[in-house]
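Subject: Structure handover and notes

Dear colleague,

Please find below the structure I promised to pass on to you.

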Amino acid sequence: LINKSTVPIGTGDWVADIVKSAQPKPIEFAVVSCPEFLREGSAIADFMNPHRTVIGSLDKEAANKVAHLHLPLRAPIVITDLRTAEMIKYASNAFLATKISFINELADLCERVGADVKEVAAGMGYDARIGRHFLDAGLGWGGSCFPKDVEALAFMAKEKGLNPQMLNSVMEINYARRTTAVKNVEKMLGESLKGKTVGLLGLAFKPNTDDMRDAPAIDIANTLIEAGAKVRAYDPVAMKVAKSILPNVEMFDDSYSMAKDCDALMVVTEWNEFKQLDLEKIKGLLKSPIIYDGRNIYEPNRMKEMGFTYKAVGR
């Protein structure tokens, strides 16, 4: 029995116990943990070109058989016990989430001291011990994996009598980004959102998916509405899913019709489509040329030269 899912530590043993207890007569079997490390939107490429394959089992022969299945992928194979394999998956996701929260906290400091967080991240990333991946400041993480995995790891730590201070801080920093973004837009609109129309460029938690699970757009839109703003949105693929989640947000068929007569725009998802917008046209459609770039997809100097009131994250 090969388990690909991300599951609480000890699930492999639990599965083995269930199978044993349900057998009318003893049948030889083994349980193997082989957690997947596939990114949503890039699953096939990640499956064919894995960074590593993790295999955990109490049965060495079973682990070796599963390892043999993965040999054609020509990636490093880690063979360990069941619980360690399950932990590797949680630890990997929690660490990536930590990198994002770290650079977001650093972004706030960069704003105060006049540094550019994108350049800071680039400079850090050249260090092989750190790496450039997941050092993009912005609105933080969402989706199905990071939120549940970090929370689950923190819960397991508490269950075992530990105090997961770092994991708790990682979650706290991440969700604070959403409130901070709305406060920044409020400030850009003269300290009040009442009666203002704010357009959201993007709804999905990341590009190349329609996944709205724990998407920053949900909290941002609801907070804007609670503050008295009207909210519009456009996303290349996620609007069908988002309609039932955000019934009070007006959806549009394209960025330009959505931007028309808005008091401000917020970049929420870094779709390539938004990077290639005709910004002069956007400027002419807006009531006031205000853009809050929650994903740092535009260059601040160019935006200011074009006459936008523009704010990015940590720049």
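In which helix is alanine 16 found? Alanine 16 is found in helix 1, residues 11–22, where helices (H or I, at least four residues) and strands (E, at least two) are DSSP runs numbered from the N terminus. Before going on, please keep in mind that this is a predicted model, in which local features need pLDDT of at least 70 and side-chain atom pairs count only at pLDDT 80 or more, while totals for chains, interfaces and linings use all residues. Residues are numbered from 1 along each chain as its sequence is written, and side-chain values use heavy atoms, with hydrogens and water left out.

To return to alanine 16, this residue is buried, with a relative accessible area of 14%; buried means under 20% relative accessible area, exposed means over 50%, and partly exposed lies in between (1.4 Å probe, protein chains only). Leaving aside its neighbours within four places in sequence, alanine 16 is in contact with Phe29 and Val31, contact meaning heavy atoms within 4.5 Å. The C-alpha atoms of alanine 16 and phenylalanine 102, by contrast, are separated by 39 Å, the two residues being 86 residues apart along the chain.

Strand 1 runs parallel to strand 2 (residues 32–33) and is joined to it by two bridges, with asparagine 3 standing opposite serine 33 in strand 2.

Helix 5

The buried residues of helix 5 (residues 117–125) are Val117, Ala121, Met124 and Gly125. They cover an arc of only 95° around the axis, which puts them on the same side of helix 5, the arc being that of the directions from the helix axis to the C-beta atoms. Helix 4 is included in what covers these buried residues of helix 5.

Strand 5 (residues 197–201) is mostly covered, since five of its five residues are buried. In a regular strand the side chains alternate between the two faces of the sheet. Here Thr197, Gly199 and Leu201 point one way from strand 5, whereas Val198 and Leu200 point the other way.

Strand 5 runs parallel to strand 6 (residues 230–234), and five bridges join them; leucine 201 stands opposite tyrosine 234 in strand 6. Strand 5 also pairs with strand 8 (residues 264–267) in the parallel sense, over four bridges, and methionine 266 in strand 8 is the bridge partner of leucine 200.

Strand 5, helix 8 (residues 216–226) and strand 6 make a right-handed β-α-β unit, right-handed meaning that, with the strands pointing away from the viewer, the path from the first strand over the helix to the second runs clockwise. The buried residues of helix 8, among them Ile218 and Leu224, pack against helix 7 (165–188), strand 5, strand 6, helix 9 (239–245) and strand 8. Glycine 228, whose phi is positive, near 100°, follows helix 8.

Two aspartates in loops

Aspartate 214 is found in the loop between strand 5 and helix 8, and its phi is near 55°, a positive value in a residue other than glycine. Aspartate 214 counts as partly exposed, at 27% relative accessibility. Aspartate 261, in the loop between helix 10 (255–259) and strand 8, likewise has a positive phi, of about 70°, although it is not a glycine. Aspartate 261 is partly exposed, with a relative accessible area of 38%.

With kind regards

Conventions. Pairing = 2+ DSSP bridges.
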